[in-house]
Amino acid sequence: MSNKIHVSTKVNGDAVEFLCDPRETLLDVLRDRLNLTGAKEGCGTGDCGACSVTVDGRLICSCLMLGAEAEGKEIGTIEGVAEGGELHPLQRKFIEHAALQCGVCTPGILVAAKNLLEKNPDPTEEQVRYWLAGNLCRCTGYDKIIRAVLDAAEEMRGAA
Amino acid sequence: MKYHTPASFADAAAIAASASGVTRFLAGGTDVLVQMRSDIVMPDDLIDIKHIDGVKDITQNADGSWTLGVAVAGAEMSEHPTLGKDWPGLVEATDLIGSTQVQGRATLVGNLCNGSPAADSVPAQVAAGVTMTVTGPNGDRVAAVEDLPAGPGRLNLEKGEVISAVHIPARGDNAGDAYLRFIPRTEMDIAVVGCGISLRLDGDTITEARVSLGAVAPTVLLVEDCAKAIIGTTLDDAALDALAKAAEAACNPIDDKRGTIEFRTDVAGVLARRAAKIAYARAKGE
Amino acid sequence: MALDEVKEIVESGENYDTDKEFKYVGTRPDRPDGLDKVTGRAKYGADHYVANMLHAAVLRAPHAHARIVSIDTSKAEAADGVKAVVIGTDLPEGLTGGDLHLQENTLARDKVYYDGHAVAAVAATSALAAKDAVKLIEVEYELLPHVIDVDAAMAEGAPVIREGEQGPTVPEGMHPNVVNYIEFGHGDLDAGFDAADLVMENTYKTEATHQGYIEPHACVGQLGDDGKGEMWVCTQGQWFIRKMCAAVLGLEASNLRVTPSEIGGGFGGKTTIFSEAISLALSRKAGGRPVKLVMTRSEVLRATGPTASTSMDVKIGMKNDGTMTAGKVVFRMQGGAWPDMAPTGMALNCAFASYDLPAVYHEGYDVLANRPKAAAYRAPGSPMAAFAVESLVDEMTRKLGLDPIEVRIKNGAKEGTKSSYGPTYKKIGLLECLEAAKAHPNLAEKLGPNQGRGVAAGFWFNHGGETSVSMSLGNDGTVTVSAGTPDIGGSRASVALMVAETLGIPYDHVRVNIVETGALGFNEPSHGSRATFATGKAAVEACNQAIGEMCRRAAKRWGIDEDAVEWKDGAVHPAGPNAGEFPPMTIKKIGQTMGRSGGPISGHHETTAGGVGESFGAHVVDVEVDPETGKTTILRYLVVQDAGRAIHPSYVEGQYQGGAAQGIGWALNEEYVYDDMGRLQNPIFLDYRVPVASDLPMIDTVIIEVPNPGHPYGVRGVGETGITPPLPAIANAIADATGRRLRHLPMTPAKVLKAIKNG
């Protein structure tokens with residue numbers, strides 16, 4: 001009863017192909033077929049944001065998109081956030097500010113925060129908080145995460 | 001499950017019409033995939049309508065009205081330079097659905113077709129007078145949003161029918177809309193109560209109004225008595241009291257994990273007052 | 001933790017000189033695992049993929065209480081890709097006590113005790129195939145009456161959940177669901193209440209909450225017919241996983257090698273097993289193929305670690321000047337359908353721990369209900385106890401027109417106080433916390449209409465526990481530490497800092513690895529706020545052992561007495577009469593030459609760590625309540641807590657902030673909601689409402705340092721106390737804002753609005 005779908009797509013700039021069951025989500029495909037385990041499944045229902053990726057530059061939950069829908073798209077994951085061995089300012093600031101404890105929500109938050117700063121380089125604290133409201137963190141109380149994002153934004157504005 | 005990618009709504013309707021099992025249309029997928037994941041629904045045929053031309057378009061027509069493709073995501077509505085100036089309440093209501101990530105995919109039509117009485121965009125759609133083109137095996141028809149929900153999870157759509165376009169009326173002058181919902185947190189919750197209001201003024205006096213309530217009945221309600229309570233008034237305290245009273249009277253909610261009958265009824269009145277004030281201020285250009 | 005155990009831990013312990021200057025301790029370097037965790041490279045429970053791996057899915061009961069009449073697995077076994085199916089009767093018989101309870105919870109045998117209880121599991125070639133096959137298992141149930149609420153479960157006529165589990169101390173005539181009874185106290189209670197000007201008594205309730213870690217439980221288990229197995233698992237304690245899985249499956253513990261993954265949060269909920277033994281049982285049935293088992297979020301919420309729900313009576317006597325004269329509590333707590341899972345004893349111990357009271361009395365009832373088997377959750381029992389006691393203290397303080405912080409200072413526990421639970425406190429920092437809270441700028445902020453301020457104190461014992469650490473010297477003079485406590489919030493950094501300090505070598509010359517069960521002696525989990533305390537303490541002792549060996553090697557090389565050298569700044573120096581006679585021998589030099597000087601150099605230390613120091617805290621919260629909707633908004637939040645000494649202050653602050661956030665969730669929105677059939681109504685994050693980023697303000701922190709003389713660097717555990725004060729502090733703030741007292745958590749908008757309307 002093979003009902004597998006062939007999909008060609010791009011992940012972090014690299015062309016990839018895979019076969020997937022139509023029921024498999026993009027998250028399933030990234031993790032189980034493409035060995036990209038940076039995106040996590042915290043809920044499977046779009047409520048926690050741990051699986052955040054971008055599709056054609058748009059932030060989404062990869063648990064809420066089918067693998068089959070990735071045909072012809074450009075997917076961005078945490079594995080592509082550091083470019084050429086250089087950490088993104090957000091990644092450095094997260095370490096510097098101790099903005100992670102267990103770290104399991106961190107990949108999703110970094111992908112989401114990067115997407116925010118690409119659209120809005122100078123967000124207010126409130127804008128950061130609402131943008132990240134779909135990224136649950138149970139360890140930090142968000143304080144250091146918000147500070148790290150605001151600090152990274154400031155540094156990036158300075159560098160720009 | 002079979003995954004289909006038809007190139008036209010006629011094809012989509014034909015696939016749905018001839019399907020023998022459970023059929024779902026896929027646009028943003030933010031409800032369908034949750035249902036699949038939670039074992040609530042596993043479609044036999046899943047029809048992805050995003051390969052159809054125009055489904056991502058936002059178009060303002062010559063008469064000032066708007067036509068939206070059915071796969072336009074909430075984020076695309078929010079980012080549109082002028083749609084939100086015409087219909088801030090509708091755009092804000094859509095923006096309240098889920099997280100930033102959900103906004104990247106979720107659509108007005110999906111929010112409607114999920115059939116939840118608590119859907120945030122639906123009261124705003126109803127208040128705005130949004131209509132939908134429904135494509136079926138026998139061609140197209142146009143339906144008002146308030147006539148589409150049939151009950152929780154159910155729509156007045158025939159087998160093989162698929163919504164193929166969204167029509168938002170021309171805003172016109174001296175008019176404004178607003179949508180407010182109550183949730184226990186600041187984000188990420190399903191509305192415990194929602195209220196959408198659209199109104200038009202002549203001077204300071206309200207001449208037209210549509211008021212709708214969400215999550216207080218099996219379907220989103222268009223409440224005539226609420227509109228009557230404020231039409232012909234300047235939204236003074238007496239009108240606001242009458243509006244709140246009419247909203248409370250229209251409520252027929254349930255007790256569930258998200259709210260009690262008493263709470264929903266009380267808050268429906270509170271939100272109606274608050275939303276009316278915002279819509280009124282917007283109509284005045286404030 | 002038994003009371004005598006607590007006493008022993010508190011009263012034992014060394015007296016370290018903690019009054020030194022430090023080079024590394026107290027600094028804020030990058031955490032060693034930071035890079036892995038910001039790049040997505042860190043491997044968590046579900047990130048492990050091995051050759052020939054199968055995927056498991058679990059069938060769970062949809063009933064709160066039912067007898068299993070029959071299970072037919074034949075259709076599942078015949079399904080495509082299925083390699084093994086297990087049910088409860090596949091597990092060995094004859095277990096007793098806690099082991100039996102773990103086994104019953106792993107897979108139900110005769111009865112299901114709660115909605116979500118596992119009844120069967122499948123291993124198949126793909127996750128989808130396993131999920132499909134599970135639906136083919138047919139179970140016939142005979143429904144039994146159920147009970148959910150703790151008070152209802154104790155009442156006459158309540159359905160009996162288990163026969164014959166009632167402990168010997170339970171007063172005669174109580175319902176069989178009451179399985180344990182505790183009472184203790186000291187002082188003359190009647191005299192205490194007689195001496196008071198105001199005596200008040202009230203009842204408080206809290207609902208069950210979940211730890212809410214973002215990473216669902218996940219493991220890959222492999223077990224052969226020879227009884228030898230491997231497991232990769234997200235856990236707070238790999239040795240606990242080994243011990244429990246071995247017990248449930250009848251294995252020899254030494255034959256099971258358990259490797260901990262990075263852990264995506266635990267908060268106590270990953271100190272026990274839920275489905276881990278299932279993956280091993282499936283693997284054995286599938287010819288030893290590894291089996292991956294990853295829970296869904298809804299499985300996590302339905303079937304893992306909620307904390308207890310409670311019903312609590314508190315009575316306090318107070319003089320007009322705020323002096324507290326006596327306190328009494330009666331706590332009723334359910335921790336699911338198994339005995340001893342509710343943290344009743346610890347809740348009682350915590351109830352008045354912040355106060356110096358002449359007379360206290362505690363009674364507690366452990367009650368069964370048709371809910372999941374409770375697991376530890378951050379300071380188990382203390383948040384509920386604090387909600388009850390700190391709410392009543394606040395009510396009385398308001399009634400007498402006194403300042404809430406001053407009343408707590410007046411009655412606050414200090415060095416020499418005989419604690420409410422028995423032991424006499426050594427150095428503790430409650431009063432310092434209260435004074436610092438009083439002086440904080442947040443308290444000078446003026447409150448507007450519908451705004452209120454609430455104060456509460458909190459406490460946790462902290463824990464030492466069984467600990468093994470080893471360290472070894474590399475040829476280049478760098479050091480590898482093998483620790484057994486999974487790094488759940490930065491403990492690699494804090495341990496590396498203490499090792500660097502002890503050895504006098506750079507922080508980045510120390511690598512701390514969290515190792516598998518075969519690589520080190522037994523360790524308790526990262527629980528009880530013990531990782532930095534106990535693993536740190538043992539690491540320091542292991543370093544001291546290696547320092548001794550390095551000193552011997554140098555002395556031998558120099559031909560001088562081994563007492564005539566000293567360790568300083570990462571090198572052996574000749575000392576005393578030999579001072580300056582030889583150039584210092586650096587750790588690098590010792591490492592380079594150790595093959596010739598007597599062989600590899602390492603140190604190790606094994607202990608049940610004593611000298612634990614309690615951590616007290618004080619929180620102050622400002623809220624605004626919408627009078628028309630009852631919705632509470634947190635405007636400002638202040639955490640002041642004694643860390644003893646903050647090894648890495650950023651991660652100490654993180655613990656304070658995280659604890660506060662969890663407490664805020666518990667206070668306002670989080671709860672287990674059941675329908676009439678006893679089915680959990682909110683097993684997804686959409687409806688189990690943990691705080692999101694936009695719900696919270698910045699959380700201000702003040703670290704108080706009253707060093708713990710029982711730790712070489714003065715450390716007190718800091719992980720748990722922070723979840724304790726938010727529950728009452730927010731209730732007190734809401735009372736200040738609205739004039740209404742909420743005595744039943746969570747304080748949802750509906751409850752607050754009702755209180756406002758009903759006056």
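What is the area buried between chain B and chain C, and what share of that area do carbon and sulfur atoms give?

Guide: Happy to! This is a predicted model, in which local features need pLDDT of at least 70 and side-chain atom pairs count only at pLDDT 80 or more, while totals for chains, interfaces and linings use all residues. Residues are numbered from 1 along each chain as its sequence is written, chains are lettered from A and ligands numbered from 1 in the order in which they are written, and side-chain values use heavy atoms, with hydrogens and water left out.

Now to your question. About 2,100 Å² is buried between chain B and chain C, and carbon and sulfur atoms give 51% of it; buried area here is the accessible area (1.4 Å probe) that two parts lose on being put together, summed over both. On the chain B side, B:P184, B:R185 and B:K257 lose the most area to chain C, together 30% of what that side buries. The contact (heavy atoms within 4.5 Å) takes 21 residues from chain B and 24 residues from chain C.

Let's turn to chain B itself. Chain B has 11 helices and 14 strands, where helices (H or I, at least four residues) and strands (E, at least two) are DSSP runs numbered from the N terminus. Its radius of gyration is 19 Å, close to the 19 Å that the globule rule gives for 286 residues, so chain B is as compact as a globular protein of that length. That radius is taken over C-alpha atoms, and the rule is 2.2 Å times the number of residues to the power 0.38. Along the principal axes, the C-alpha atoms of chain B fill a box of roughly 55 × 45 × 35 Å.

Inside, 58% of the 286 residues of chain B count as buried, meaning under 20% relative accessible area (1.4 Å probe, protein chains only). Among contacts in chain B between residues at least 6 apart in sequence, 58% join residues at least 24 apart.

Chain B carries 25 positive and 38 negative charges, whose mean positions are 4 Å apart. Lys and Arg count as positive and Asp and Glu as negative, without His and the chain ends, each charge being placed at NZ of Lys, CZ of Arg, CG of Asp or CD of Glu.

Notes: Buried means under 20% relative accessible area, exposed over 50%, partly exposed in between (1.4 Å probe, protein chains only).
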